[in-house]
Amino acid sequence: KEPSLLEKTDNYRDRVADISAEIDFLKTKSELEDLRGDLNASLTETWKRDQEIDIIQDDLLHTELENERLRNSLKHLADTDMVQRRGQLRLQEEREALLKRLVQAEADSMTAKRELSLLHGNIRQIRLRRISAVKTLISYLDNVKNYLLNVLRLRTKTGSLDL
């Protein structure tokens, strides 16, 4: 017996719905793969930034230790200068050299602090992008879940559980 026009129409609609659902699924799958790549790139960038922060923090600690050593040296020179008048010219030259080094070290310290602040801002932005990517991923997974539920409903309706 040949199917009626109504059955043929229903079958045609079911096939169109299957094809449309498959197209949506393939688009979502492609977008998920793109998101996975973006998320991996974001994690790599965060790791690199964390490494840069560690290096800058080590440099900053070294600079601050050097600053303290230089301050102590300057204090010692000042005390020695008051006690000993001989060699005053030589001590003055050493003091000036130490002051120059201290000024440079403090400038380096300020630069390192600015760079650290910028890197913290970059990390914050990367983390916000990562959060956004995860939210989008969740949305896409919801779409996949809905697609699978629709396919299951359609298959249950038609009596065929073949996927």
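**View 1. Salt bridges of the predicted model.** In this predicted model, the structure holds 11 salt bridges. They are set in a protein whose secondary structure comes to two helices and zero strands, and the views that follow take up several of the pairs.

**View 2. Glu-66 and Arg-101, a salt bridge between the two helices.** Glu-66 is paired with Arg-101 in a salt bridge whose closest N and O atoms are 3.0 Å apart. Because Glu-66 belongs to helix α1 (residues 5-83) and Arg-101 to helix α2 (residues 88-158), this pair ties together parts that are 35 residues apart in sequence. Arg-101 has a relative accessibility of 43% and therefore counts as partly exposed.

View 3. For Arg-71 and Glu-106, the closest N and O atoms of the salt bridge are 3.1 Å apart. Arg-71 is located in helix α1 and Glu-106 in helix α2, so that parts lying 35 residues apart in sequence are tied together by the pair. Arg-71, at 38% relative accessibility, counts as partly exposed, and Glu-106, at 32%, likewise counts as partly exposed.

View 4. Asp-79 counts as partly exposed, with a relative accessibility of 38%, whereas Lys-75 is exposed, with a relative accessible area of 55%.

**View 5. Glu-45, Arg-49 and Glu-52 as one network.** Here salt bridges that share partners join Glu-45, Arg-49 and Glu-52 into one network.

**View 6. The setting of these close-ups in the whole chain.** Of the 163 residues, 22% count as buried, while the protein exposes about 12500 Å², of which carbon and sulfur atoms supply 56%. Among contacts with a separation of 6 or more, 82% are accounted for by residues 24 or more positions apart. The protein has 29 positive and 30 negative charges, and their mean positions are 2 Å apart.

How values were computed
Residues are numbered from 1 along each chain as its sequence is written. This is a predicted model: local features need pLDDT of at least 70, side-chain atom pairs count only at pLDDT 80 or more; totals for chains, interfaces and linings use all residues. Side-chain values use heavy atoms; hydrogens and water are left out. Helices (H or I, at least four residues) and strands (E, at least two) are DSSP runs, numbered from the N terminus. Buried means under 20% relative accessible area, exposed over 50%, partly exposed in between (1.4 Å probe, protein chains only). Contact means heavy atoms within 4.5 Å. Accessible areas come from the Shrake-Rupley method with a 1.4 Å probe; for residues, only the protein chains shown count as cover. Lys and Arg count as positive and Asp and Glu as negative; His and the chain ends are not counted. The place of a charge is taken as NZ of Lys, CZ of Arg, CG of Asp or CD of Glu. A salt bridge is a side-chain nitrogen of Lys or Arg within 4 Å of a carboxyl oxygen of Asp or Glu.
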